[in-house]
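Here is a note for someone meeting this protein for the first time, written to be read with the structure open alongside. Please check each point against the picture as you go.

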Amino acid sequence: MFHVKSRSAVYPRSDVSRLKVPDEKVPWTVPWPDYNPPNYTSKHIRGQSWADPEIGESGFSPRWNSVDGKVNRKSHHGDYELYKSTPLNIIGRTGLSGRGILGRWGPNHAADPIVTRWKRNKQNIEISIESKKPILQFVAIQRKDTGEWAIPGGMVDPGEVVTTTLKREFMEEALNTLGSNEAKKRESLINKFFSNGEEIYRGYVDDHRNTDNAWIETVAMNFHDESGNAVGLFPFCAGDDAANVQWTDISANLLLYASHTKFISLVAEKRGSHW
Ligand code: RP5
Ligand code: MG
Ligand code: MG
């Protein structure tokens with residue numbers, strides 16, 4: 001695993017520029033005695049119930065590399081190191097210390113639901129002229145923050161199991177169920193569909209919000225509607241942090257948010273679809 005977007009020049013929703021980290025200096029094991037990146041933690045996260053306090057603040061004694069009460073501080077990649085009692089990015093340098101706009105020191109756990117179906121022309125599955133393979137589609141949302149298309153993922157709430165996050169985030173972002181009664185009516189259908197997922201990826205996400213001390217890790221799961229009759233019945237409607245939602249053809253031309261193109265490519269490989 002390597003990160004690129006985690007080193008992007010200007011940190012999101014700020015005017016803070018990262019220190020430029022050359023490819024070869026990403027690993028912490030490569031010495032860089034003068035490495036002294038800017039420090040940035042957004043004032044918007046301070047004091048938020050979903051965010052950690054500052055390191056050293058009274059009453060804050062996190063148990064790193066552990067499930068710490070309701071907060072999972074374990075990385076999917078094994079134990080991370082600490083420097084001055086602060087977690088170090090499991091992949092390496094990003095050119096920025098602090099937490100930026102991420103709530104947790106260390107791993108910030110997310111979940112990504114990849115909902116797929118075959119592209120059909122009436123009843124027939126469409127085959128790519130190029131690869132002669134069937135074309136798969138997934139439900140993509142357009143993110144409000146960057147305008148990029150993405151998997152409708154989100155952060156795991158404290159104490160929440162990932163399978164719940166996957167379903168909840170899809171409902172909030174692609175079905176706009178926050179506070180709606182519609183969801184209640186369809187609950188059993190939705191529960192049934194989301195009970196059948198296959199894990200695609202678990203680990204680091206190359207997200208532009210990552211810093212030297214805080215980063216996103218995810219569990220991406222594929223929920224596939226083979227007949228096209230299950231999710232086809234859901235009324236898509238963008239909600240929460242999504243501006244738009246649509247079925248999107250899967251191919252190598254996709255340019256998605258963070259590492260999402262990679263996750264989608266793994267689904268295409270698994271399903272033997274056009275890429
Ligand atoms: C990405 O950010 C993850 O893969 C997930 O899709 C998303 C979670 O953050 P929010 O959508 O809650 O901003 O890195
Ligand atoms: Mg969300
Ligand atoms: Mg989201």
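Predicted model: local features only at pLDDT ≥ 70, side-chain atom pairs only at ≥ 80, totals over all residues.

1. The protein contains three helices and 15 strands. Its radius of gyration is 20 Å, close to the 19 Å that the globule rule gives for 275 residues, so the protein is as compact as a globular protein of that length. Along its principal axes, the C-alpha trace spans about 60 × 45 × 35 Å.

2. Of the 275 residues, 39% count as buried. When contacts with a separation of 6 or more are considered, 71% of them are made by residues 24 or more positions apart.

3. In soluble globular proteins, nonpolar side chains tend to be buried together. Here the largest nonpolar core has 47 residues, and within it Ile 114 and Phe 138 touch the most other members. The elements that give two or more residues to this core include strand E7 (106-118), strand E10 (136-143), helix H1 (162-174) and helix H3 (260-271), while E14 gives the most, with seven residues. Setting aside residues up to four places away in sequence, Phe 138 touches Ile 114, Val 115, Thr 116, Thr 248, Ile 250 and Ile 264.

4. After H1 comes Asn 176, whose phi is positive, near 50°.

5. Which residues come nearest to ligand 1? Of the 13 residues around ligand 1, they are Ala 110, Gly 153, Gly 154, Val 205 and Asp 207. The elements that give two or more residues to this shell are E7, strand E12 (154-155) and E14. By kind, the shell divides into seven nonpolar, three polar and three charged residues.

6. Is Arg 99 buried or exposed? Arg 99, which is found in strand E6 (residues 97-100), is buried because 29 other C-beta atoms lie within 10 Å, and 20 or more are enough to count as buried. Although Arg 99 and Ala 214 are 115 residues apart in sequence, they are 5.3 Å apart in space, C-alpha to C-alpha. Leaving aside neighbours within four places in sequence, Arg 99 is in contact with Thr 41, Ile 45, Trp 105, Thr 211, Asn 213 and Ala 214.

7. Lys 192 lies in helix H2 (residues 182-193) and is exposed, with 10 other C-beta atoms within 10 Å, since 12 or fewer count as exposed. Lys 192 and Gly 228 are 36 residues apart in sequence and 14 Å apart in space, C-alpha to C-alpha.

8. Ser 128 is found in the loop between strand E9 (124-125) and E10, and it is partly exposed, with 15 other C-beta atoms within 10 Å. Ser 128 and Gly 100 are 28 residues apart along the chain, and their C-alpha atoms are separated by 43 Å. Not counting residues up to four places away in sequence, Ser 128 touches Lys 133, Ile 135 and His 274.

Technical notes
Residues numbered from 1 in each chain as written. Chains lettered and ligands numbered in written order. Core = buried A, V, L, I, M, F, W, Y, C linked by C-beta atoms within 7 Å. Helix = DSSP H or I, 4+ residues; strand = E, 2+ residues; numbered from the N terminus. Contact = placed C-beta atoms within 7 Å. Near = placed C-beta within 6 Å. Nonpolar A, V, L, I, M, F, W, Y, C, P; charged D, E, K, R; others polar. Rg over C-alpha atoms; globule rule 2.2 N^0.38 Å.
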